[in-house]
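Me: I have a model open and want to learn how to read it. Take me through it one feature at a time.

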Amino acid sequence: MIVVDAGPLKAAVDRDDEFHEWAVRAFTGPRARFVTCEAAITEALHLVGNHPPAVIAIRRLCERMEVLPIAPVRLAEVFDEVSKWAPRMDFADACAVVLARGNRSAFVLTVDHSDFATYRVPFASPAGVFVA
């Protein structure tokens, strides 16, 4: 399971993003189960400024993955993660961490290399694949 953070969603649809090519390869390469959460989608839409063509592109990308719910069952875990790593961790990062920790074979797809290296979960970024 590949847990998709906001950054790759934004990068995949924004040709001017420095990680665009990496994100496109990440989404078109592996035949894997991609999942995300509402917090990552919200952040990605904010990062593209809710620009209508980008919103449509993110929607199409998200339709190819499973959007997993966090609340109400795992909300306490998410807030615990944010509290543990504050102020570095935002809510969307915490959701990705909780989802990744909930599945042994999961890793996070992110552009936030330094943050996710700190959180100690397996992740892939433009800098490579890292195991916690």
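Reply: Start with helix α6; A92, D93, A94, C95, A96, V97, V98, L99 and A100 are its buried residues. Buried means under 20% relative accessible area, exposed over 50%, partly exposed in between, with a 1.4 Å probe and protein chains only. Helices are DSSP runs of H or I with at least four residues, strands are runs of E with at least two, and both are numbered from the N terminus. This is a predicted model: local features need pLDDT of at least 70, side-chain atom pairs count only at pLDDT 80 or more, and totals for chains, interfaces and linings use all residues. Residues are numbered from 1 along each chain as its sequence is written, and side-chain values use heavy atoms, without hydrogens and water.

Me: Why is helix α6 called largely enclosed?

Reply: Nine of the 11 residues of α6 (residues 91–101) are buried, so the rest of the structure largely encloses the helix.

Me: What covers the buried residues of α6?

Reply: Look for contacts, meaning heavy atoms within 4.5 Å. The cover includes strands β1 (2–4), β2 (34–36) and β4 (107–109). It also includes helices α3 (38–47), α5 (75–85) and α7 (113–119).

Me: Which residue caps the N-terminal end of α6?

Reply: D90 does. One of its side-chain oxygens lies 3.2 Å from the backbone nitrogen of A92.

Me: In what order do the strands run in the sheet?

Reply: Two strands pair if DSSP finds at least two bridges between them. Here six strands form an open, mixed sheet in the order β3-β2-β1-β4-β5-β6. The edges are β3 (66–67) and β6 (128–130), each pairing on one side only. α6 packs on this sheet, touching β1, β2 and β4. Its direction makes about 170° with that of β1. Axes are lines fitted to C-alpha atoms, for helices over the stretch in contact; angles run from 0 to 180 degrees between N-to-C directions.

Me: Where is T110, and is it buried or exposed?

Reply: T110 sits in the loop between β4 and α7. Its relative accessibility is 0%, so it counts as buried.

Me: Which side chain makes a polar contact with the side chain of T110?

Reply: A polar contact is a pair of N or O atoms within 3.5 Å; within protein, one must be able to donate a hydrogen and the other to accept it, and residues adjacent in sequence count only if both atoms are side-chain atoms. The partner is D5, at 3.0 Å. The T110 side chain also reaches the backbone nitrogen of D112 at 2.9 Å.

Me: Where is D5 found?

Reply: D5 lies in the loop between β1 and α1 (6–13).
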